[in-house]
Amino acid sequence: MGQPVERESAEAAPSELPPGQRLQRGWPVTHYGPVPRFRPERWEFRVFGATADGEKRCWNHEEFTALPYTTVVADLHCVTKFSMLGAEWGGVPARTVLEIAPPAADVTHVMVWAEYGFSSNLRLADFAAERTIFATHKDGELLTAEHGFPVRLVVPHLYAWKGPKWVRGVEYMTADRRGFWEERGYHNIGDPWKEQRYSYQEEPGDGPEL
């Protein structure tokens, strides 16, 4: 299950928080819509779109949770302005998915799909970052349903909405396309250190036209 990771201090100096964020103790539940019911016999994780071999790859729940497990210690920055520091996330690195089901050479972005058709787009480089992880655990415990069980994506260097709860698959794309919140006024990239919260802040090249 990976090597133990040194935990960062929960006490944060102001410089450790992105601009406009406040330190959060505990983990508030934030999401849009109802919490889906997990049905293991129906659950499937898919990788599709512009794959290197043109084929779709699927795992059932047992197969997905049998993939190599690791842990990363990383912060979670919510666009609603709270930050949770030093959480230990356990699960399957996004890089593992990329290695097992590689994208075609011309893929530039991914769309991460979740329950109820929810989606979030990411640049391939953000998805492939070392600490991007399909988390099944937090601090050694299985995620609760409210926090995304059985799988949520964590992209520590971006705002938390870029990592959906209840993930069901990844689509490889050769051009960018906005996801659910990105179509509804959120910034296409979502870098908390640049305070990229809303689409009106976007610079040329940050994303496709609304």
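A disulfide is a pair of cysteine sulfur atoms within 2.5 Å. This predicted model holds 0 of them.

**Stop 1**

Select C58. At 27% relative accessibility, C58 is partly exposed. Now select C78. C78 is buried, because its relative accessible area is 9% and the cut-off for buried is under 20%.

**Stop 2: the sheet**

Show the strands as cartoon. Find the open sheet of 5 strands. Read across it in the order β3-β2-β11-β6-β7. The pairing is mixed. Which strands stand at the edges? Select 57–60 for β3 and 119–123 for β7. Each has a single partner strand, so one side of each is left without a neighbour in the sheet. From one strand to the next, the twist averages 15 degrees.

**Stop 3: the β6 and β7 pair**

Select residues 109–114, strand β6. β6 runs antiparallel to β7, and 5 bridges join the pair. Pick W113, then look in β7 for its bridge partner, S119.

**Stop 4: E202**

Go to β11, residues 167–173, and continue into the segment after it, where E202 is found. Is E202 buried or exposed? E202 is buried, because its relative accessible area is 19% and buried means under 20%.

Show side chains here. The side chain of E202 makes a polar contact with the side chain of R178, at 2.7 Å. The E202 side chain also reaches the backbone nitrogen of N188, at 2.8 Å. Leave out residues up to four places away in sequence, and E202 touches R178, Y186, H187 and N188. Select those residues together with E202 to finish the tour.

Key:
Residues numbered from 1 in each chain as written. Predicted model: local features only at pLDDT ≥ 70, side-chain atom pairs only at ≥ 80, totals over all residues. Heavy atoms only, no water. Helix = DSSP H or I, 4+ residues; strand = E, 2+ residues; numbered from the N terminus. Buried < 20%, exposed > 50% of the residue type's maximum accessible area, 1.4 Å probe, protein only. Polar contact = N/O pair within 3.5 Å; in protein donor to acceptor, adjacent residues only side chain to side chain. Contact = heavy atoms within 4.5 Å. Pairing = 2+ DSSP bridges. Axes fitted to C-alpha atoms, helices over the stretch in contact; angles between N-to-C directions.
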